[in-house]
Amino acid sequence: MKSLHEMQHENSPSDVSDEWFRLLKKEQGMGEVVSRPSLSYWKDAWNRLKKNKLAMVGLIFLIILIIMAMFGPILSPYEVNTQNLPEQYQKPSAAHWFGTDSAGRDVFTRTWYGARISLFVGLMAALIDVSIGVIYGGIAGYKGGRTDNAMMRIVEILYGLPYLLVVILLLVVLGPSLFTIIVALTVTGWVGMARIVRGQVLQIKNYEFVLAAQSYGAKTSRIIRKNLIPNTMGPIIVQMTLTVPSAIFAEAFLSFIGLGIQAPYASWGVMANDSLGAILSGNWWTLFFPAFFISFTMFAFNVLGDGLQDALDPKLRK
């Protein structure tokens, strides 16, 4: 057994090699060098979104869809509503890339005109929902108390109404048109946005920067516009990307049952309705292309919305 004195002698500083310790040269200013570049909230969200392959596929598809909706009809030598009965039900070929329908109209041209209508309805409905929902939910969440209770009771009443039934009733009363569809889709469509914004504002309004703005005498409208709404943009953008496909599907469904866009105007729903008889006779392309773009557009918006939800979540930021 080694004595305590021997053990202390073995571990004495004199037996420690100088090679174990060495001074690091520190250049002047090295302590202030940032080893990792700082990223803004939106740049960090974009970097995380790029890692989501499915969301990027949806984003690329939507970009291509928007470009083709703008310039696709220009690439075609055919008019959208010009009938040419001798060329009815032509299969997809070099002359007609998507074939022709029962009236000899070029399906390629009508598909991209239909994309214009569907995207316009979806984006307009989403923008109106955002505008009404953000203002309504922001006021309800910031005011609180009786004002919040009264405003949210109205939201709950509207939220309990069958969405599609309200839209159909309005279209029957007002008559089918593009303007009527947008109005019908936004009558109760904004309530979901209002509830989301209200919940976010209830969390943020007690933060220090909001209390500081109140102490300086800032008006309610300025606090909501400058302090509260910018800090709720993440959920607002996500909800908006989910509102667009719902509006696109609603427009296609209403046009399909004859309450939306009326023939001879091109719409994905109108094209699908016109193709019901053709599909039974083997002319599959007349239904395939509008159905494909309806389905894949909704899929693209949904996966993009899921990707944005993860990318904009501050809890996942590194």
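How many residues apart are Glu156 and Arg153 in helix H5, and how many helical turns is that? They are three residues apart in helix H5 (residues 145–160), so about one helical turn separates them. Helices here are DSSP runs of H or I with at least four residues, strands are runs of E with at least two, and both are numbered from the N terminus.

Ground rules first. This is a predicted model: local features need pLDDT of at least 70, side-chain atom pairs count only at pLDDT 80 or more, and totals for chains, interfaces and linings use all residues. Residues are numbered from 1 along each chain as its sequence is written, and side-chain values use heavy atoms, with hydrogens and water left out.

Now charges. Glu156 and Arg153 form a salt bridge, with the closest N and O atoms 2.9 Å apart. The cut-off: a side-chain nitrogen of Lys or Arg within 4 Å of a carboxyl oxygen of Asp or Glu. Glu156 is partly exposed at 45% relative accessibility. Arg153 is partly exposed too, at 40%. On that scale, buried is under 20% relative accessible area, exposed is over 50%, and partly exposed lies in between, with a 1.4 Å probe and protein chains only.

The structure holds four salt bridges. Some share partners, joining Asp101, Arg105 and Arg110 into one network. Take its links in turn. Arg105 meets Asp101 at 3.0 Å, N to O. Asp101 also meets Arg110, at 3.8 Å, N to O. Are these residues buried or exposed? Arg105 and Asp101 are both buried. Asp101 has 10% relative accessibility. Arg110 is buried as well, at 1%.

Two arginines also sit over rings. The charged end of Arg116 is over the ring of Tyr113, 4.8 Å from its centre. The charged end of Arg195 is over the ring of Tyr159, 4.5 Å from its centre. The test uses NZ of Lys or CZ of Arg, within 6 Å of the ring centre and within 35 degrees of the ring normal.

On to aromatics. There are 17 aromatic pairs. Rings of Phe, Tyr and Trp (its six-membered ring) pair if their centres lie within 6.5 Å; planes under 30 degrees apart are stacked, over 60 edge-to-face, the rest tilted.

Phe98 and Phe293 make a tilted pair: 6.5 Å centre to centre, 35° between the planes. Phe98 is in the loop between helix H3 (53–75) and helix H4 (107–143), and Phe293 is in helix H14 (residues 285–311), so the pair ties together parts 195 residues apart in sequence. Phe98 is buried at 14%. Phe293 is buried at 7%.

Phe288 and Phe292 are stacked, because their ring centres are 5.9 Å apart and their planes are at 20°. Both are in H14, four residues apart, about one helical turn. Phe288 is partly exposed at 43%. Phe292 is partly exposed at 33%.

Last, the core. What touches the most other members of the largest nonpolar core? Among its 32 residues, the answer is Leu62, Leu65, Trp112, Trp268 and Phe293. A nonpolar core is a set of buried Ala, Val, Leu, Ile, Met, Phe, Trp, Tyr and Cys residues joined through side-chain atoms within 4.5 Å. Helix H2 (41–51), H3, H4, helix H11 (233–256), helix H12 (268–274) and H14 each give two or more residues. H14 gives the most, with nine.

Look at Trp112. Setting aside residues up to four places away in sequence, Trp112 touches Leu65, Met68, Ala69, Gly72, Pro73 and Phe293. Contact here means heavy atoms within 4.5 Å.
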